[in-house]
Amino acid sequence: MRSAALVAFVAGVCALQLQPVLPSSATIWLLAAVAAASAGGACAARDRVPEFARRAVLIVALAGAGFGYAAAQARLRLADELPFAMEGQSILVEGVVASLPARLERGVRFEFDVERVLTPDAVVPSRLLLGWYDDATVIRPAERRRFAVRLKRPHGVRNPGGFDLEAWLLERNLRATGSVRSGRADPPPALVDPVVGSPGALIERARFALRDRLAPMLEGRRYGGVLLALVIGEQRAIAARDWTLFNRTGISHLVSISGLHITMIASLAGWGVAAAWRRTPALLARAAAQSAGVVAGLGAAFAYALLAGWGIPAQRTVLMLAVVAGAWLLNARAGFGVSLALAAAAVCLVDPWAVLAAGFWLSFGAVAAIVWVAHGRVPDLRLPSWRRTVATAVRVQVAVTLALLPATVLLFHQLSLVSPLANALAIPVVSWAVTPLALVAAVVALLPAPIGFGAEWLLAGAHAVFSLLAAMLEWVASLPAAALPVATPPAALVVLALGGIAWLLAPPGWPARWVGAACMLPMFLWPAERPADGELWVTALDVGQGSALLVEAHDSAWLYDTGPRYSNDADAGERIVLPYLRHRGVARLDGLIVSHLDADHSGGTAALLRALPVRRIVTSITQDDPMFAGRTVERCTSGTAWSSGALRFTVLHPTAADYERRRSTNAMSCAVAIEVGARRVLLTGDISTAEEGAILARWPGLRVEWLAAPHHGSRSSSGAALLAALGAREAVAQAGYRNRYGHPDSSVVDRYRAHAVKLLRTDHSGALQWRFGADGGTRVSAWRTEAVRYWHNRPGGPWIVETDPADEAGEPAPIEPFVAG
């Protein structure tokens, strides 16, 4: 009953996080009153109400309490917001650097607690995420600084299967993002106090000092970022290619400070203190050695979690260890199930948004699987101890792997077939060798010379061990079908699979285990959604300031552009395009068109080609560009035409003569018309009005019903002549929220409106998908509408798509074949 009640509270918190809007304050108060009255009535009627009914009422009341509590917390947090009118304004603020600064290619990014707003009438949230793009300035935690900032509301790209940045910002209470300004019109940045004595800031300062001490020792080492992540939780130093390896082999949870590592440190500390306590009679006279070990282990776990930055896995582990330790010290034997449920409820009390983090479900799911698989099993004492140990380890590994399959499919959209083998190799190596060596090195590094010099040797040893492990993981990841994409299944199939896993892992004597396996299969066999015969689907992904569009027929899928490169280690191909394709169950592409060389269109190409089979590549970029890694590419030349399944392609620009002249990269954009039956669309890259005129001259009679706005809707494109000639009814502008170029330009938006073209934009709508039916109907969906949650930004503009009923069905508009003039 206790476990069920605690789980009900957590379920109520989860239910709130699925809401598109928050309930009103009156509704929250009413819900709290009903929950309290129901719980009180159930307790008072203990002798008059059947036990099962009383328990049901209590569970429902606690679920309502969880919902109401999370709603109240959310209303308080969302009230601390940046008004739309304040976006883009230069505002002078004073406050404290509140986090470990993350190094960028140029400058740093850090969290900032605002103490004073010095610009009259300005309204600023209490906590900000700021970037300072100045290599000459060193930012340290716990500094009080004054500077001008330019802010915007929390806003991230929104794509199916993608990361929800706005949820992450909400969980961390970062209610605006922006940058430090140092222009001529802005007051110069100033250091007000070098150190501010708040506990949180001082802990971050200690982490900063330790990072600066260890960083020179790890410089030039291939996996130095992994060691930093294991010591202080600094995961940003891990290279993108390493994350790809860890995700493919299913060991990502081991290269951050996880519950496993914290428990191991607590065990070592508790064992050491208890051993020393037993040898000291004076201490034994005060308390039992076991009690001292429990307290020491809990203290070590708390210290390590603080060093790690107090993330969700760390919170969960410390709270669960605290429950177990408290039960031990109070002689109250709480079961593991109750301890786990109590830890989950405590995490939700402290942070109702913890349930939005993948780590919450992965951590609790793994521990729940271990508890369930150990329940009711009696070790066979006839076997040698080492065989019992091995059998238990194998059983636990299988249980954890199975239990995390649904979460892995939902969160990462792939199934790692080599994960059990990789984890069997990595768990003992990372937990019992690499992490202890790295932590001992961190302690030694803080000691004075010459003892402190030994830290570099210890780090070298930890790095050597992990390098050997990484080599084995590379071999494991290279095995055929090491990771398979799995289309995101419906929620009902995930619940069915969870039930099947619980059935499979049930205690000895449980009947018909094949039922569990049968319940799991639908999640993996669910067919990916594809266009019907004669349909054309176009998906404009929300990649920020850049372009990436997926064009599909029932038997073919092509990608046009791969989105921007954000930094040397991050691009839209890895972060947005690939997760979306995996979410859709697209295991390969029939073709890729890279329109031109600009990084906002080609930035994700290398990552995409490394991860996904692509049959053909068409581009205006030379074949020797490193992004293609030696692959054969076809030149995009006007007049070239081909078919790929039901898709028919015609290149409209550039011409062969354009390649002989020195032209800008934008002017060399590959403009392509794509058809399925009578439905035709036009993809344009970054062409300007000059190229638009040339296309209309070469291709008289060109008509399309849908258009990707040239150059993101810049004022130098989307000319009136093009819009009048094409006759398009709808268009999309792929642009970043409040981008510095002002795309799409207001004059261009007015031009589309004047030509009766419905222009939608990804910065307002998120990913947009058009489904052009064989019957002439068109359905449009916007991800910011379909998957809206109460915390999502709602900028002005047509972010909610209303489909015209006249577009739903009917005969397709006749589109005449066109030929070059």
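## Stop 1

Select Ile251 and show its neighbours: leaving out residues up to four places away in sequence, Ile251 touches Phe246, Ala422, Asn423, Ala426 and Leu473. Keep in mind throughout that this is a predicted model.

Now widen the selection. Ile251 is among the residues with the most contacts inside the largest nonpolar core, along with Leu214, Val226, Val231, Phe246, Leu459 and Phe466. That core has 48 residues. Colour the helices that each supply at least two of its residues: α5 (199–218), α6 (224–232), α7 (240–249), α8 (259–278), α10 (289–307), α11 (312–329), α16 (419–445) and α17 (454–477). The biggest contribution is from α16, with ten residues. In soluble globular proteins, nonpolar side chains tend to be buried together.

Another core, of 32 residues, lies apart from this one; Ala540, Trp558, Trp706 and Leu768 are among its members.

## Stop 2

Select α7 and pick out its buried residues, Asp242, Leu245, Phe246 and Thr249. Look down the axis of α7: these residues fall within an arc of 95°, so they line one face of the helix. They pack against α6, β8 (414–416), α16 and α17.

Step past the end of α7 to Gly250, which follows the helix and has a positive phi, near 75°. Go on to Ser252, in the loop between α7 and α8. Is Ser252 buried or exposed? Its relative accessibility is 18%, so Ser252 counts as buried, the cut-off being under 20%. Leaving out residues up to four places away in sequence, Ser252 touches Trp243, Phe246 and Asn247. Show the side chains of Ser252 and Asn247 to see a polar contact of 2.4 Å between them.

## Stop 3: strand β4

Select residues 127–132, strand β4. All six of these six residues are buried, so β4 is largely enclosed by the rest of the structure. In a regular strand the side chains alternate between the two faces of the sheet. On one side of β4 are Arg127, Leu129 and Gly131, on the other Leu128, Leu130 and Trp132, and both faces are covered.

Which strands pair with β4? Strand β3 (residues 108–117) pairs with β4 in the antiparallel sense over six bridges, and Asp113 has Arg127 of β4 as its bridge partner. Strand β6 (residues 177–181) pairs with β4 in the parallel sense over three bridges; here the bridge partner of Leu129 is Thr177 in β6.

## Stop 4: the eight-stranded sheet

Next, display the open sheet of eight strands, which runs in the order β17-β16-β15-β12-β11-β10-β25-β26 with mixed pairing. At its edges stand β17 and β26 (778–782), each with a single partner strand, so one side of each has no neighbour in the sheet.

Zoom in on β12 (residues 556–560) and β15 (residues 591–594), which pair in the parallel sense over three bridges. Trp558 stands opposite Gly591 in β15. Trp558 is also one of the residues of the 32-residue core mentioned at the first stop.

## Stop 5: the cysteines

How many disulfides are there? The count comes to one. Select Cys636 and Cys670, whose sulfurs are 1.6 Å apart. The torsion about their S-S bond is about 65°, so the disulfide is right-handed. Cys636 lies in the loop between β17 (634–635) and β18 (641–644), and Cys670 in the loop between α23 (656–660) and β20 (671–676), so the pair ties together parts 34 residues apart in sequence. Both Cys636 and Cys670 are buried.

For contrast, select Cys14. The closest cysteine sulfur to that of Cys14 is in Cys348, 6.1 Å away, too far for a bond. Cys14 is buried, with a relative accessible area of 16%.

## Stop 6: Tyr737

Finish at Tyr737, in the loop between β23 (730–733) and α26 (746–754). At 10% relative accessibility, Tyr737 counts as buried. Leaving out residues up to four places away in sequence, Tyr737 touches Phe84, Glu87, Lys152, Arg153, His155, Asp763, Asn793 and Pro795.

The side chain of Tyr737 makes a polar contact of 2.8 Å with that of Glu87 and one of 3.2 Å with that of Asn793.

Terms used
Residues numbered from 1 in each chain as written. Predicted model: local features only at pLDDT ≥ 70, side-chain atom pairs only at ≥ 80, totals over all residues. Heavy atoms only, no water. Core = buried A, V, L, I, M, F, W, Y, C linked by side-chain atoms within 4.5 Å. Buried < 20%, exposed > 50% of the residue type's maximum accessible area, 1.4 Å probe, protein only. Helix = DSSP H or I, 4+ residues; strand = E, 2+ residues; numbered from the N terminus. Contact = heavy atoms within 4.5 Å. Disulfide = S-S within 2.5 Å. Pairing = 2+ DSSP bridges. Arc of directions from axis to C-beta. Polar contact = N/O pair within 3.5 Å; in protein donor to acceptor, adjacent residues only side chain to side chain.
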